[in-house]
Structures are given as C-alpha cells and as structure tokens.
Amino acid sequence: MRINVRSTIMGLLLSVPLGVASAQENPCFSKLETMTTKDGIEFVRTPDACFENLPDWPYAPQYVTIDGLRQAYVDVGPRDADETILLLHGQPSWSYLYRKMIPVLVKAGHRVIAMDHLGMGRSDKPTDPDYYRYLDHTYRLETFIQALELEDISLFAQDWGSLIGLYVVGLNPDPFRRVILGNGALPVFTETPFGLPKIPLITRQMFHRSITSIPAKQTAFFDAEGNRIDGQISVDFFGIWIDYARNFERFKASDIIEAVTFFELSEDEKAAYDAPFPARITMGGPRSFPSLANTLVGVTDKAWLGLSTFEKPFLTIWGGNDPGILGRPEVQDAMIAQVPGAEGWDHARLPEASHFLQDDQGEEIARRINAFIKASPNAAPQ
C-alpha cells in the first residue's frame, strides 16, 4: 500500500473527533492517516492506541489481508481443539461484544475466533460509505474462512453478522458443523423494503431523542405473551434508522448499543464500543450497514432456500426485550420453521436481554452453546 498525501490532508480536514472538543483531547486522533490500496481504495486504520486498556479485553489482534485491506480477528484457545467457534457481530458493535462469552467457551476447551467486519473494530476502514456492499461482506467472510483453513465451524451470528453468516451457510454449508443464531435472520425481499424519511432533519433529531431516552436499564417492551406493549413497530422506523446512521452528525456507536442492551453499560464499556471510531472519517462501515438492507432485493433468495435444506444442528437464542425488527418472536419462529436442523432443540428467549444479547447475557449464552455442542457432536437429535 502507499500513503496518499492529498488524501491524508483531506482526511484530517474531515476527521472531526467524536465526543471531544478538539483533536488534542483524543490521544489516538493525531496518528490517523488516509492510505490507499493498490486498487485505489482510500481507507484509514484505527491506531492501536485507541484499543489500549479496554475492560475485559486482553486479546491481541491478528489480521488477514483481503484485497489490500486488513480483516482483524482474535483467535483464542487451542488450535487443535475438537470444536472451532466463529463469532460474528453486527452494527455498530465489534468483537468486543463477545468479551463475556469468549472465556466461558475457551474454558470448555474450544477454539474461539471473533472476526471484525470490514470497517468495524480493528479491521481497516474504507472512508467512502458507498464502498461497503453486502456481497463484498459475504465474500470477505468466505475468504476469511478459507485463509484460516477453518472447517467444522460452530457459527454464532447476530444482527448483521447473521445476514452475512447465514448467506454463506445457505450457499456453502460444508464448512459448518452447526449454527447458533441470536436476534438475526436472512431476509428475502421482492421489492425495496424501506422508504427514507421525507423530512430527515426532523426525523434524525426525533430518532436521536428516542434512543437516548431509553433508560440505561431497559423497561419491558413486550408482555408475557411476547406482544409489544406499545404496539407493533412501524416499518418506517428502519428507514429513519438508515438515514440517521448514514447522515446524522452525532451518530455514535455507544449510544445505539446502550439503547438496546438490557443492562446499563459502564462508561469504560461505552468507550470501548467507541474505540474503533475516534473520528468521523473512520465511520464509513457503521454508517453504511443499515442502508444495505435496501440492496437485498433478489440477492438472498438462493441462500434462504439453502437454509431450508440445512439439517445440521441449528439453535436460536433470542434476547426477549429487543424492540427492533429482529427481536420479534415471529422472526425467531420463522428461522426455526425454515431450517430443518432447528427441530428438536431447546430454543430460548431470554427475558433480561435486548438486541445486543451477548452483552446482556454473554455467560449464559456461552453456557448454552457449550451444552448444545456437547449434545450435538456430529448430528441433529433423532
């Protein structure tokens, strides 16, 4: 790769630090530089200093380079373990989301790999939000699996990790031994699903007030039967979210994660979720993800059909207090009905867990994964 001086200058002009009054207050801001791959893709790399002393995250990063861009991951536990668990996060989180699960899984003797999607965590971050495309994310996951020569994988995927991971499973199931799904799906669209707001300057402010007014410890969004207490969520919500994530100047990862975790995050934990994004130039990845939903028309059909023939063990573990689309009981039920390998397993809906259930109930989820692996060494239950 080479450093593009012009891009570096422009990047510094555009790199408004997040949540600080000046660049000097952010110790990792001054080290940012815009680089260019040999194919002309401009990107930034979050400095290592931004990831120092994160609570409960002692893991050294490793990298696979794909098309000139580094894909970051942590790889913990014995390399010759009988079981390899691959953890895929969503947006706007990163592998830090799995800090409570990794120790429990490793203690059970498993090899655990947590990958950061491109533009997230410690992976490289192309600066143009339009660079990020859904099929490129799935391609990078497939390439990552091949590069690490992974096989017999137990996949745990949530949020956009599920949209990416399930696509790969549906079209190429061979590397996977079993799948565990949390608050995720593989949607199939015949037309563009989400319209954008007509008055975005107003809806951005309304959305921001809405998410920042959710109590740090959530109140219940559902009754005992799983019905929304405040009525069913409108499909317009996701269109507002697309515009907010893409364009709102105050969009911040920790605000979103705090809003849709059940339990309150500490200030250090919120800082850890913001660590990959010390300046706005680093946020092309999280800004782009929601809008990818409108690019899926006709794209996921074959993978969805592939899941209908997936007979390997398939378990769903849901956060029962997720107010978003993926938290609906009918989404979990649809995944169980679609995948034959889901039959016969003890699917769960954890009451004190929201969308980012790994943060709320990480240890419990990891214990359930360990039990699931023990109960399904080679095949689904008879």
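Between which two strands does the loop holding Asp56 lie? Asp56 sits in the loop between strand S3 (42-44) and S4; helices (H or I, at least four residues) and strands (E, at least two) are DSSP runs, numbered from the N terminus.

1. Basis of the note. The model is predicted, so local features need pLDDT of at least 70 and side-chain atom pairs count only at pLDDT 80 or more, while totals for chains, interfaces and linings use all residues. Residues are numbered from 1 along each chain as its sequence is written, and side-chain values use heavy atoms, with hydrogens and water left out.

2. Positive phi angles. Asp56 is not a glycine, yet its phi is positive, at about 60 degrees. Asp56 counts as exposed because its relative accessibility is 54% (buried means under 20% relative accessible area, exposed over 50%, partly exposed in between; 1.4 Å probe, protein chains only). Asp152, also not a glycine, has a positive phi of about 50 degrees. Asp152 is found in the loop between helix H3 (134-147) and S9 and is partly exposed, with a relative accessible area of 34%.

3. The sheet. Eight strands form an open sheet in the order S4-S5-S7-S6-S9-S10-S11-S12, with mixed pairing; two strands pair if DSSP finds at least two bridges between them. Strand S4 (62-66) and strand S12 (348-350) stand at the edges with a single partner strand each, so one side of each has no neighbour in the sheet. On average, neighbouring strands of this sheet are turned by 20 degrees against each other, direction ignored.

4. Strands S9 and S10. Strand S9 (residues 153-158) pairs with S10 in the parallel sense over six bridges. Phe156 stands opposite Ile180 in S10.

5. Helices on the sheet. Helix H11 (residues 329-338) lies across S10, strand S11 (314-319) and S12, and runs at about 175 degrees to S11. Axes are lines fitted to C-alpha atoms, for helices over the stretch in contact, and angles run from 0 to 180 degrees between N-to-C directions. Helix H12 (residues 357-375) packs on the sheet and touches strand S6 (84-88), S9, S10, S11 and S12, where contact means heavy atoms within 4.5 Å. The direction of H12 makes about 160 degrees with that of S11.

6. A cis peptide bond. Gln91 and Pro92 are joined by a cis peptide bond, with omega about 5 degrees. Pro92 belongs to the loop between S6 and helix H2 (102-107).
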